[in-house]
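Hi,

Here is the structure I promised to pass on. Have a look at it first, and my notes follow below.

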Amino acid sequence: MKNRYAIMKKKYAIMKNGYVNEPIRGIACRKFFFLVLVLSLALVCRAQERKYSTFYYQRATLFEELPVTSDDIIFLGNSITNGAEWSELFNNKHVKNRGISGDICMGVYDRLDAVLKGKPAKIFLLIGINDVSRGTPADTIVSRIGMIVRKIKMDSPKTKLYLQSVLPVTDHYNMFKGHTSRWQVVPEINKGLVRLAEKEGAAYIDLYSHFIDKETGKMNTAYTNDGLHLLGKGYLKWVEIVKPYIGKK
């Protein structure tokens, strides 16, 4: 009887001193960390499901709803294309903007169906500089552009495709360092695009040489205020270069 009383007294003392809470705290901590782990995995899965930016999907889903016809001329690319008012620049309602800021080669490839559904008359493609900023090698970028070219040829064989050279960049403004610090990759891409155009029967348009500063080998600062994107003067130069191809049969 005394032993039983002593045991009960000891248990009471443990409860009184709060030691009994230690196992409970351990269980609570384990539950908390398990919850954090589950939430982290959910976020990772969500990120994997969404390959591109929210802006990409905002634009891409809009393009899925907009019509494309066999009379249309499509400018396809990233923010540099996205930044222009093409129909106004050419005074032609059939010239349409299908640029998405931040887009990469595979982003263009993944949204081609919305462009090709209407079998457009022409596509002017400019893509690759955002791939450069991710450290993607020039030959890989050209290979991915090749995937775009072959899909266009397969799904819309009557569409005339113009491969535009990747524009130069400059680190003069100390902005967009991921892009501008790799300025020497751009000429390598363009050499690959010349070969690709010849191989696939596409037309190649050299924009690069019109925008480069011959002394630095980089983008002429008269055409940009951040080293990557174009000022109005730059878009007018672009229009001047490609205008002969717009009306060409």
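A definition to start with: rings of Phe, Tyr and Trp (its six-membered ring) pair if their centres lie within 6.5 Å, with planes under 30 degrees apart called stacked, over 60 edge-to-face and the rest tilted. Keep in mind that this is a predicted model, where local features need pLDDT of at least 70, side-chain atom pairs count only at pLDDT 80 or more, and totals for chains, interfaces and linings use all residues. Residues are numbered from 1 along each chain as its sequence is written, and side-chain values use heavy atoms, leaving out hydrogens and water.

By that ring rule there are 14 aromatic pairs. Y56 and Y57 make an edge-to-face one, 5.2 Å centre to centre with 80° between the planes. Y56 counts as buried at 5% relative accessibility (buried is under 20% relative accessible area, exposed over 50%, partly exposed in between, with a 1.4 Å probe and protein chains only). Y57, at 29%, is partly exposed.

One aromatic cluster takes in F75, W86, F90, F124, Y162, Y235, W238 and Y245. W86 is buried at 1% relative accessibility, and Y235 is buried too, at 10%.

The charged end of K160 sits over the ring of Y162, 5.9 Å from its centre, and that of K151 sits over Y109 at 6.0 Å.

Cheers

Definitions and conventions: Lys NZ or Arg CZ within 6 Å of the ring centre and 35° of its normal.
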